[in-house]
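I opened the notebook to look up charged pairs and the nonpolar core. The entries follow in the order I checked them.

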Amino acid sequence: MDYTSYGTLNVRTSIASGALPVPKTVIRIFGVDEENRFVEYSILTDIDGSTQRITLPAPEKKYSTAPFSPEVPYALYDIEASADGYYTKRIKNVAIFPGTNTSQIINMIPLSISDGGALYPKGNLDATIKE
């Protein structure tokens with residue numbers, strides 16, 4: 001199946017359950033499907049912790065409106081968010097439908113200053129959310 005249509009995605013990063021934005025977060029987007037595996041996109045969040053709308057390839061709209069269509073009506077993308085002072089978060093399999101905007105909110109986790117001289121949790125936190 002060819003991805004001849006497009007959907008859009010905007011990402012918002014914050015802490016404290018959305019109360020405070022995380023500006024200058026690097027957002028990286030990767031295609032997951034065979035048809036979009038070469039799609040890679042990188043953008044920074046603005047002062048409000050939001051990105052612009054990002055246009056991404058998706059299947060034709062007819063697949064999402066036809067009942068019992070054998071084709072998957074959306075494209076899948078992984079999103080990675082990283083910012084200084086925060087753990088990197090990865091959101092896997094975000095669905096992008098043609099002609100539709102998808103909003104993804106990412107609650108960032110601040111790094112601890114110290115815990116007996118070691119960061120906690122040790123290493124990088126992979127907070128994977130499956131859609």
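For the first entry I took a salt bridge to be a side-chain nitrogen of Lys or Arg within 4 Å of a carboxyl oxygen of Asp or Glu. I worked on a predicted model, where local features need pLDDT of at least 70 and side-chain atom pairs count only at pLDDT 80 or more, while totals for chains, interfaces and linings use all residues. I numbered residues from 1 along each chain as its sequence is written, and side-chain values use heavy atoms, with hydrogens and water left out.

Entry 1, salt bridges. I counted 3 salt bridges by this rule. I noted that side chains of opposite charge can pair when their charged atoms come close.

For accessibility I used relative accessible area: buried is under 20%, exposed is over 50%, and partly exposed is in between (1.4 Å probe, protein chains only). Glutamate 34 is exposed at 57%, and arginine 37 is partly exposed at 39%.

Which residues does glutamate 80 meet in salt bridges? I found arginine 28, with the closest N and O atoms 3.8 Å apart. That pair links distant parts of the chain, since glutamate 80 is in strand 6 (residues 75–82) and arginine 28 in strand 3 (residues 26–31), 52 residues apart. Strands here are DSSP runs of E, at least two residues long, numbered from the N terminus.

I also found arginine 90 in a salt bridge with glutamate 80, at 3.2 Å, N to O. Arginine 90 lies in strand 7 (residues 89–96) and glutamate 80 in strand 6, so this pair ties together parts 10 residues apart in sequence. Shared partners join Arg28, Glu80 and Arg90 into one network.

Is glutamate 80 buried or exposed? I read a relative accessible area of 16%, so glutamate 80 is buried. Arginine 28 is partly exposed at 32%, and arginine 90 is partly exposed at 25%.

I defined a core as buried Ala, Val, Leu, Ile, Met, Phe, Trp, Tyr and Cys residues joined through side-chain atoms within 4.5 Å. The largest one has 22 residues, and Ile29, Leu56 and Ile79 have the most contacts inside it. Strand 6 gives the most to this core, with 4 residues.

I listed contacts (heavy atoms within 4.5 Å). Not counting residues up to four places away in sequence, isoleucine 79 touches residues including Ile29, Arg28 and Arg90.
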